[in-house]
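Have a look at the picture first, then work through the points below.

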Amino acid sequence: MALAGPAPVASGRRRLMRPHWWGLIFVLPAVLFFAAFSVFPVLYGLWLSLTRTSLLNPGHFVGLGNYAAMPRDPLFGTALANTLEFVLGSTVPVWIGSLLAALLFNQKFPAREFLKTLFFLPVLPPLAVVAVVWKVLLNPSGAMSWLTGWIVGKEQIAWLYDTTLAPIMMIVVHDWAAIPFYMMIWLAGLATLSPELSEAASLDGAGALRGFWYVELPQLRGTTLLVCSLSTIGAFQTFVLQYVLSQDHGGPVNSTLVLGLLIFKEGFQFFRMGYAAAISVVLFLMILLVTLIQIRLGRHGA
Amino acid sequence: MLRWVWFAIALVLACVFAFPLWFMVTSAFKAESEIMAVPIHWLPHHFQWLGQFRLAWRQSPVGRYLLNSFIVAFVQVAVTVFFGALAGFGFAKYRFPLHRFLFFFVISTMMIPFQILIIPLFMEVHALGWGNSYAGLIVPGMMNAFGVFMMRQYAADLPNELLEAGRVDGAGEFHMFLRIVLPLLVPALTSLGILVFIWSWGAFLWPLVVVQDRHLQVLAVGLTDFSQSYSRPPEWGAAMAASTLATLPIAVLFAFFQKYFVRGLTAAAVKG
């Protein structure tokens, strides 16, 4: 397109003022949909969390009774601790790992695109597939035991049947799938950097690492915040791995029981919908709090 | 040379990360006894052409799961893309009462984690009489706020002159959307469509709770037939065959639309 001064660029952003009712009609289906299937359920869930509701009986109001019951519920305590452990293990290592991978694949070397594609493959399968495949790999007599058997000299390892190992394996499998995904986001961010600044930094004699830390990373604040918040929000909500990969949905002995799984069990196995809704509200508040803290820190880092 | 050092590191990393999928695909063609073989078989020694796939088909209604996954994904992609573009265009190019409030309303739903919706949404869908049905399976995931947000960003960049020209020709506003706006948004619609397909195809928790009838279940949930069999010994070959099938559509999308695929996945990063 030929450039005809700044006018066309500016007008592209200006709204069409005249037939405004059409705009309302165009957005109405989406607005009504989100009102019905996002905002209403949130409000309804808040109400449910204040009631004792089973699947069939409409509930009666119990005030904050469900919330008061949580500290006395050992399952809730276990699930909370397991969730926090999972969140820790599937955020910090993912941030560092995905950033390092992005920096690596941002270098120039032979067969880079091909190797990047191979590295990216874990993003493709749905999480349920990831869980099923790793269930085979982590079978006591499976490929993983064979691989580590070389190193530790032990023939069978109960990766998923040990209360210490099982939660760690949830994290390992999660990070295996998450690191390539977040690497792509880092790479998209790195592609927007101005090469002049980096070159100026290297002319100044700044070391490569220091140059990255002081010159490039600050320009990636938006990407950093996105990677940190997306991975944290996702980790708090983890469900599929603990449901499919672990022994008996959250075992052994509840060592992989996380809040997402507890909500499912309370709601759809014990049919305590009110209590399940209350747990989901607590989970939501935790996610909200951590996200707000991250946004604050992101602003402060200026 | 430094570039060979990078190459060596990248090679090792790529092999480690790609290995589980290599194992999945090759094991789908192995004999059952080979899958737990020590040392592992990098390639099938007793190549089963479609034996494991047939076994999977016999053990579980895999064909039905596949069909259901495609139905759900197709409807959700079509509706999200069309109404997302319509709403995005409306927000980008028109002024109307409550404009700012409604946009904020839609965007704020992006912040709602699905875990808080699951219980009330289940009750709501049952109250609507959609429990254990395609409607219950499909409708709650038929739109997403990110789609509206993304489409608004792209629609805002469309030149107004083009729209004015459409008006001069006497086209109605909706006609203009169909004839002028949608074709211009095709690259963005493709990225969004691929993204929604991936989300829809991988959805697990919602289908798990809303559907009880196996013949309505989607493949992601149906896969667990093979991993949690309590009554019979697990058939890992069939599990790998079904897993390969469940990955295939995404892999095909990736192979043919790599540019849109990556752009869709990173759209939030670049646009946000």
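In this predicted model, helix H14 (residues 259-268) of chain A packs against helix H5 (residues 114-127) of chain B at an angle of about 10 degrees. Their axes are 10 Å apart.

- H14(A) brings Gly260(A), Ile263(A), Gly267(A) and Phe268(A) to the contact.
- Sort the contact of H14(A) with H5(B) by class and you get 5 nonpolar, 3 polar and no charged residues.

**The whole interface of chains A and B**
- Zooming out, 95 residues of chain A are in contact with 104 residues of chain B.
- Together, chain A and chain B bury about 8900 Å², and 79% of that is on carbon and sulfur atoms.
- How many salt bridges does the rule find across the interface of chain A and chain B? The count is 0.

**A helix pair inside chain B**
- Helix H3 (residues 62-93) and helix H7 (residues 145-156), both of chain B, have axes that come within 7 Å and cross at roughly 50 degrees.
- That angle is why H3(B) and H7(B) count as oblique to each other.
- The crossing of H3(B) past H7(B) is right-handed.
- Residues in this contact include Gly84(B), Phe89(B) and Lys93(B) from H3(B), plus Gly147(B), Met151(B) and Arg152(B) from H7(B).
- By class, the contact of H3(B) with H7(B) has 9 nonpolar, 3 polar and 2 charged residues.

How values were computed:
Residues numbered from 1 in each chain as written. Chains lettered and ligands numbered in written order. Predicted model: local features only at pLDDT ≥ 70, side-chain atom pairs only at ≥ 80, totals over all residues. Heavy atoms only, no water. Axes fitted to C-alpha atoms, helices over the stretch in contact; angles between N-to-C directions. Helix = DSSP H or I, 4+ residues; strand = E, 2+ residues; numbered from the N terminus. Parallel < 35°, antiparallel > 145°, perpendicular 65-115°, else oblique. Left-handed = near helix turned anticlockwise from the far one by under 90°. Contact = heavy atoms within 4.5 Å. Nonpolar A, V, L, I, M, F, W, Y, C, P; charged D, E, K, R; others polar. Buried area = accessible area lost by both parts, 1.4 Å probe. Salt bridge = Lys/Arg side-chain N within 4 Å of Asp/Glu carboxyl O.
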